[in-house]
Amino acid sequence: MIDPSPPSASRTRHCDMAQPDLAQSVVTTSRFVGSRRVAAPIGVPVALLALAAVGWWWSARMAGEDMSGMGMGSHLMSLGAFMLAWVAMMGAMMFPAISPVVLLYWRAAARRTVAPLPFFVAGYIVVWSAMGVPAYVAWRELAMPIAEGRAWAGRLAGTVLVVAAIWQLSPLKSICLRHCRSPMGFFLRHGRGLTRPVGALRMGLAHGGFCLGCCWALMAVLVALGTMNLLWMIVLAVLIFLEKDARHGVGIAIAGAAVFAVLGLVLLFVPSTLLHVT
């Protein structure tokens, strides 16, 4: 019997039936870890940790210059120089936390069922790089007042901490954190069109968006307490990693909210405390 439909429609139906479910492909791929079909992805976490290490080295260097009055505490720093430092900070603080979803994507890429890994990671980096622009504006206005311990800067930092505490407990934060804590669930919901680079980039943007939803308030805390404060970078990076990857991450996020609330209230009522926490 002759198919009355046009050849193009027949080919389309055939392609639709032949086209694998890319999200399911990622699920299937994860079952091959340790087998001969997909080698153990040791190089991926090593690369992420190496990039994070470079970010920490650069951040520590900039923090040292800041203390000597030549770094980010100087209003002479250009937007380009600040963005370079910002991307280094984001790499240092975020790459360890996103390693599970990157590993999952890499496993699919190793089977050539999705576009290469750099396209996915690029989308993530674009999201956090864009956040560097408002951070730069805030840094230019706050660097000197924070260094001088002005009362209004202390109260502003206190307000930001209280807002961060509220956000940590909000339903929107919970939604974003759930996506970040479940890489497989994220792929099942958003893993479409990944054979094309633009699809992988779009998925990286989506994951970066959920990560931003989790962490924007934490980054606001970092800016309010001194953008290149190395101690606060370490504290917030550990919090980000634990709430995303630890078994009791949700509880850790709640504990972080309690700490932010207490410190925020202290700064609101005793703004001179700013000099002791920055």
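A disulfide is a pair of cysteine sulfur atoms within 2.5 Å. The views below all come from a predicted model.

**View 1. Cysteines without disulfides.** A search of the whole structure finds zero disulfides. Two cysteines, Cys-180 and Cys-211, are shown in the next views.

**View 2. Cys-180 and its nearest cysteine sulfur.** Cys-180 takes part in no disulfide. The nearest cysteine sulfur belongs to Cys-214 and lies 3.8 Å away. Cys-180 has 9% relative accessibility, so this residue counts as buried.

**View 3. Cys-211 and its nearest cysteine sulfur.** Cys-211 is likewise in no disulfide. Here the nearest cysteine sulfur is that of Cys-215, 4.4 Å away. Relative accessibility is 0% for Cys-211, which therefore counts as buried. Both Cys-211 and Cys-215 are among the α11 residues that meet α4.

**View 4. Packing of helices α4 and α11.** Helix α4 spans residues 79–94, and helix α11 spans residues 197–224. The two pack at an angle of about 120°. Their axes are 13 Å apart. Angles of 65 to 115 degrees count as roughly perpendicular and those over 145 as roughly antiparallel; α4 and α11 are therefore oblique to each other. Their crossing is right-handed.

**View 5. Side of contact between α4 and α11.** From α4 come Trp-86, Met-90, Met-93 and Met-94. They meet Cys-211, Cys-215, Met-219, Leu-222 and Val-223 of α11. By class, the contact residues are nine nonpolar, no polar and no charged.

Terms used
Residues numbered from 1 in each chain as written. Predicted model: local features only at pLDDT ≥ 70, side-chain atom pairs only at ≥ 80, totals over all residues. Heavy atoms only, no water. Axes fitted to C-alpha atoms, helices over the stretch in contact; angles between N-to-C directions. Helix = DSSP H or I, 4+ residues; strand = E, 2+ residues; numbered from the N terminus. Parallel < 35°, antiparallel > 145°, perpendicular 65-115°, else oblique. Left-handed = near helix turned anticlockwise from the far one by under 90°. Contact = heavy atoms within 4.5 Å. Nonpolar A, V, L, I, M, F, W, Y, C, P; charged D, E, K, R; others polar. Buried < 20%, exposed > 50% of the residue type's maximum accessible area, 1.4 Å probe, protein only.
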